[in-house]
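Trainee: Before we discuss this model, could we put the sequence and the structure side by side, and then take one region at a time?

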Amino acid sequence: MGWWRGDQETAAVSAPPPRNTGYERDAGGESDLLPAAHGGDVRAAHLLGRHFAQRGDRSAARHWWERAAAGGNMDSAYNLGVWHEKHGSLGEAVRWYELAAGPGDAEAAVNLATLLLEQRGDLPAARRWFERAARAGSRAAARRLALICEDVGEVSAAGEWHRGAALDGDLASAHDLGFLAYAAGEEDEALRWWETAARGGHAPAAYHLGLFLQANQDPEGAAVFYRLAAGSEHPGAASRLGGIALARGDLRAARAWFERAAHTGRVYDQRTAGFVCVEMGDPRAAGHWFGRAAAGGDADAAFNLGLLLIAEHDDLRGGRHWFRQAARAGHRRAAAELASLLSAAGLPDEVETWPPDPPGPVWDRAAEPELVARAELAAAAVARRGGTPLPVGDLTEILGTWDLVTRPLRDRTDVTAWLAGQSGLSPNAIEHLGSVRAALLRPCGAPWPTLAEVAHALATVRGLRARLGPR
């Protein structure tokens, strides 16, 4: 319901509630207030406005609030701003909010700034009112200012406003401060703010702190914060806990965590839950999870579902179906199995369309957990303020390939020259790849790579694998 009693038609309108000044409980009824209000009592006029608003009489409420506001009652001016925001005109809402905010009413200033920004697109005016409200102690205004500063590239100012909001208890700003510090290479500061937000119950901060600790090779510390995040139903945290349990060989715990994440629709976790169920000797559950992941487009799950159908149920038709789905997505082993089945079934014409060795998946090996964590942190940092998301899988492939192809190198004084010499690729391409990798591992204030830069680096790492192997 709207704040006008019985007002169904405006229930969904986004507007702040009218102000409850706290002295309404001492007021008399309409019969007591009317004589005083007619006699010029500003407080009585304000209370009459509230009284009629609660009865759903908009016209009378507006009348008495206007009389009270004209007499200097800023609570009535604020409520008239709310009234016009919900029932009247934007221009009138702005006028009344300005009247209330002028003497220093922080709440009216926030509402005014929000209207100016979101309805009129007047960023300079909105910013001025947010600043007035923030300096008057509004935590909400400080956070909005921080986000505005981030959007226009004023990172230092954004940090100051976020800090003010965070110190006043705003967990989202503490979380954002963690990312600003991480992007600047100030890892101790990032840890401090993420922990502050996580301890306060902010699940994304707990998750990102877990990633940070895992990236720094502290899986036990990471698990503590993953559990905090998972307690608030964060699916990524459940997935990470599944991975940690799997690394310990605890299949029962791994299954519970992966299935918890899989129930949210995460394809990777559905497929992984299937593998764990296979290891635990539960083919029925494995088939369920492989089926869910395969239906979501996962080629490896489709391939394994095909294997499972044939091995457990002798279902060659079902197996061919899922091998075909996986092969169409470029799964090498699925294409080979499909070709074999089609030959055995006497379908040589279709075999010709499924060569046994098509291009396989680009990157199908497990990277080190700390590299995956770094990749996900970078992707989250880029996407946090509406940036173009970077695919975590691509970032992982970049980090994992570099790690893979440089393992034979003992002297790392000039890795670029060595890789260029061994692979025949352009030194400039190798150097660009190295800069992207460095930004992902240790940002230190450098800009995050763009989607185009990631694509360029991805082409280079695939060229390195093709020339240096293993694939």
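Trainee: Which residues does Gln214 touch, if residues up to four places away in sequence are not counted?

Mentor: This is a predicted model, in which local features need pLDDT of at least 70 and side-chain atom pairs count only at pLDDT 80 or more, whereas totals for chains, interfaces and linings use all residues. Residues are numbered from 1 along each chain as its sequence is written, and side-chain values use heavy atoms, with hydrogens and water left out. Gln214 is found in helix α12, residues 203-215, where helices (H or I, at least four residues) and strands (E, at least two) are DSSP runs numbered from the N terminus. Taking contact as heavy atoms within 4.5 Å, Gln214 touches Ala222, Tyr226, Arg240, Ile244, Pro369, Glu370 and Ala373.

Trainee: What is the length of the polar contact that joins the side chains of Gln214 and Tyr226?

Mentor: Gln214 has a relative accessible area of 9% and therefore counts as buried, given that buried means under 20% relative accessible area, exposed over 50% and partly exposed in between (1.4 Å probe, protein chains only). A polar contact is a pair of N or O atoms within 3.5 Å; within protein, one must be able to donate a hydrogen and the other to accept it, and residues adjacent in sequence count only if both atoms are side-chain atoms. For the side chains of Gln214 and Tyr226, the polar contact is 2.7 Å.

Trainee: How many helices and strands are there in the protein chain, and what share of its residues is buried?

Mentor: The protein chain holds 26 helices and 0 strands. Of the contacts in the chain with a separation of 6 or more, 53% are between residues 24 or more positions apart. Among the 471 residues of the chain, the buried share is 48%.

Trainee: Which residue meets the side chain of Asp176 in a salt bridge?

Mentor: A salt bridge is a side-chain nitrogen of Lys or Arg within 4 Å of a carboxyl oxygen of Asp or Glu, and a search of the whole structure finds 24 of them. In one of these, the side chains of Asp176 and Arg143 meet at 2.8 Å, N to O, and this pair links distant parts of the chain, with Asp176 in helix α10 (residues 171-183) and Arg143 in helix α8 (residues 139-151), 33 residues apart. Asp176 is buried, with a relative accessible area of 4%, and the partner, likewise buried at 18%, is Arg143.

Trainee: How far apart in sequence are the parts tied together by Asp151 and Arg385?

Mentor: The side chains of Asp151 and Arg385 meet in a salt bridge of 2.8 Å, N to O. Asp151 lies in helix α8, whereas Arg385, which is partly exposed at 35% relative accessibility, belongs to the loop between α22 (369-383) and α23 (392-405). Because the two residues sit in these places, the pair ties together parts whose separation in sequence is 234 residues.

Trainee: How do the residues in the contact of α23 with α26 divide into nonpolar, polar and charged?

Mentor: α23 and helix α26 (residues 451-468) pack at about 35 degrees with their axes 9 Å apart, where axes are lines fitted to C-alpha atoms, for helices over the stretch in contact, and angles run from 0 to 180 degrees between N-to-C directions. The contact includes Leu395, Ile398 and Leu404 of α23 and Leu458, Val461 and Leu468 of α26. Counting Ala, Val, Leu, Ile, Met, Phe, Trp, Tyr, Cys and Pro as nonpolar, Asp, Glu, Lys and Arg as charged, and the others, Gly among them, as polar, the residues divide into 10 nonpolar, 1 polar and 4 charged.

Trainee: What is the angle at which α25 and α26 pack?

Mentor: On the α25 side, Ala429, Ile430, His432, Leu433 and Val436 meet residues of α26 that include Glu453, His456 and Leu464. The contact of α25 with α26 divides into 7 nonpolar, 3 polar and 1 charged. Helix α25 (residues 427-441) and α26 have their axes 9 Å apart and pack at an angle of about 120 degrees.

Trainee: What is the phi of Gln217, which is not a glycine?

Mentor: Gln217 is found in the loop between α12 and α13 (219-230). Its relative accessible area is 58%, and it therefore counts as exposed. Although Gln217 is not a glycine, its phi is positive, at about 60 degrees.
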